[in-house]
Amino acid sequence: MDRRLTAYLLRRVALAGVMLFGLVCMTFVIANVAPNDPAALAAGPDAGRSQIEQARRDYGLDRPLPEQFWRYVSGLARGELGRSIATGRSVGQDLARYFPATLELCLLAMLIGLSVGVPLGVLSALMKDRWVDHLTRIFAVSGIALPPFWFGLLLQLTFATALGWLPTSGRLSVMTEPPDPITGLLLTDALLRGQWGVFGEGLSYILLPAIVLSFPCLASILRVNRAEMVEALRADYVMSAQAHGVNPWRIVCVHALRNAMLPTLAIIGLRWGWMMSSTVLVETVFDWPGIGLYAVSSAIAGDFKPVMGVTLIIGLNFMAANLIVDLLYGVLDPRLREG
Amino acid sequence: MTPLLAIQDYRLAFDGFDGTAHVLDGIDLQLRAGDTLGVVGESGCGKSVLARSLLRLNPSPPARVVSGQIRFEAEDVLAMPPARLRALRGRRIAMIFQDPASHLNPLLSIGTQMEDAIRGQDSATGRSRPRHAARAHAAALLSAVGLGDAPRLLASHPHQLSGGMRQRVLIAMALAGDPALLVADEPTTALDVTVQAQVLALIAELVRARGLTLMLISHDLGVIAAACARTVVMYAGNIVEDAPTAALLARPLHPYTKGLLAAVPELDRPDIRPRGIPGGIPSLRAPPPGCRFHPRCDRATALCAAEKPALREAIPGRTVACHHAEA
């Protein structure tokens, strides 16, 4: 059993390695087909032709593409992602600084998506074709259809500008001293250090962007979970559990839901990756200091090393999420554990 | 003496997009404690739907009770509130199913599923039993159905068991609440032939040892002859004949029963070819008027198309629903 599990794991990890190489190639190609001239950017707005050529040589941009690619890959292997022209820091440092904010936002959004999407999916399946089901269907379709930037603006106008219940944008008020980092996740750090005021304030800032980010994820979890629950509730094993007098709640929440969660899990893995990439829009709307905003401001400036770095991080998250999902399958499904 | 189970003029319909199927068309049936009843008929004749009706397991919608009563120990099953229904399921009437592979949850261990059944029945009847006691009960049940090494079995999952073991596990679960009536819906159909005989022998043995009342549904007259003293024959949602099994096999009264028996191959008489019944089962959305069997019956007359025959006592102890059945 253990050997099977190890082989399964090794296969997944090897596959992830292949995918990683593909990802690296993609980011490199994207950076090189972009229309801007990074050398001109690096040299500055007032630079003359010779200074631009000097910058091109300094950054190795005059070398043939295969050589540049090799330098890029070997740099990555040493953990070097290049230097951001705009911030002047290495991209690695920048990512270490911005990524925790994005991670925190995505974790909360996923928590919202799961804790609302799964119960609503179960409820809709139990109330199939009744008004609750129709209501969640409308909710879910709008969740997928609403453009996040528009929905974000709408929430800002309503809850921040008109009602004044929540702040418009940012991660904390400029007057508030953030807690000393332990995990880098502001809410967690505030909790760990017992700074309840900071925690409450942080929560009020993160709530709107997290809701906007969670909406498409919540909607697809809801729909998939509903469909799978409808299927599971019709299954023979549910009928025999009923015939044997198993507690009805236990039938729904354990016997049926556990089966329905397998396909839902796959959606969660995919949604985590998509969520990371939609931070580009959401963080811009809410001025959230994460990698999405960092990528946007770098791209606008024509600064491509950060964009490549962010793309790489998002891709890595995609892969990590799907690896975790594969492992969870093994935990949930005994047939996979033992082949 | 009140019968254990009394079904009166029970009609069940399934509503669908393309019309309503009248799946059970006025079932009358009584079972006394200790009876062993076989229900035989072709696929689609409503025998499984009838079995599930006893525990109200037919999903509704689409299933809809049109009329009739099902009384178990004089209590109206169709009018039971949810709590009573739960106390009925498993505790008083237990059921085993055709395909043991799909009727066990693939993701839960055998132990968990058995404990859930035991504890669910406990809570429905206002008892409570700690988890280890439930597990001990589960282990005892497994040995009662001839399965050894209970600790390992309880920790295993359905995919690790053979078909015969799975069906034994389901039988053990059915026994958990010490029910009065065991409903077995094609319990051997999905199994290998050799295993079929073992499972059937186990059911017969449990029925004898525990004094269970048995309702065994099958399309296989051989299975029913081996386990049941009495047999009812169903056709297209009706009971057409009700008789002691031996008498039914020796001398069928209803033309459909005769057809069924003629369709059984006789292994020791290879010169006699089995004969099928011409035609197919009728649509239950638009069933034939009068006797539902008349379009396929070689004795049909104008009366059969006009008037549905009631179950009547043709010979003492035997009833038949046919205008032309000779006594």
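This is a predicted model: local features need pLDDT of at least 70, side-chain atom pairs count only at pLDDT 80 or more; totals for chains, interfaces and linings use all residues.
Colleague: Is A:Pro179 buried or exposed?
Modeller: A residue is called buried if 20 or more other C-beta atoms lie within 10 Å of its own. A:Pro179 has 20 other C-beta atoms within 10 Å, so A:Pro179 is buried.

Colleague: At what angle do α7(A) and α9(A) pack?
Modeller: Helix α7 covers residues 148-162 of chain A and helix α9 residues 196-233. Residues of α7(A), including A:Phe151 and A:Phe159, meet A:Leu208, A:Ile211, A:Val212 and A:Phe215 in α9(A). By class, this contact has eight nonpolar, two polar and no charged residues. The axes are 10 Å apart, and the angle is about 145°.

Colleague: Where is the kink in α11(A) centred?
Modeller: Helix α11 of chain A, residues 248-286, has 39 residues, and a straight helix would reach 57 Å at 1.5 Å a residue. Its end C-alpha atoms are only 44 Å apart. There is a kink of about 50° in α11(A), and the kink is centred on A:Leu257.

Colleague: How far apart are the end C-alpha atoms of α3(B)?
Modeller: Helix α3 of chain B, residues 110-124, is mostly covered, with 13 of its 15 residues buried. At 1.5 Å a residue, its 15 residues should span 21 Å. The end C-alpha atoms agree with that, being apart by 21 Å.

Colleague: Which element gives the largest share of the side of chain A that touches chain B?
Modeller: In the contact between the chains, 19 residues of chain A meet 29 residues of chain B. The elements giving two or more residues to the chain A side are α10 (236-243), α11 and α14 (334-338) of chain A. By class, that side has seven nonpolar, seven polar and five charged residues. The largest share, seven residues, comes from α10(A).

Notes: Residues are numbered from 1 along each chain as its sequence is written. Chains are lettered from A and ligands numbered from 1 in the order in which they are written. Helices (H or I, at least four residues) and strands (E, at least two) are DSSP runs, numbered from the N terminus. The expected span of a helix is 1.5 Å times one less than its number of residues. The bend at a residue is the angle between axes fitted to the seven residues ending there and the seven starting there. A residue is buried if 20 or more other C-beta atoms lie within 10 Å of its own, exposed if 12 or fewer, and partly exposed in between; C-beta atoms are placed from the backbone. Axes are lines fitted to C-alpha atoms, for helices over the stretch in contact, and angles run from 0 to 180 degrees between N-to-C directions. Two residues are in contact if their C-beta atoms, placed from the backbone, lie within 7 Å. Ala, Val, Leu, Ile, Met, Phe, Trp, Tyr, Cys and Pro count as nonpolar, Asp, Glu, Lys and Arg as charged, and the others, Gly among them, as polar.
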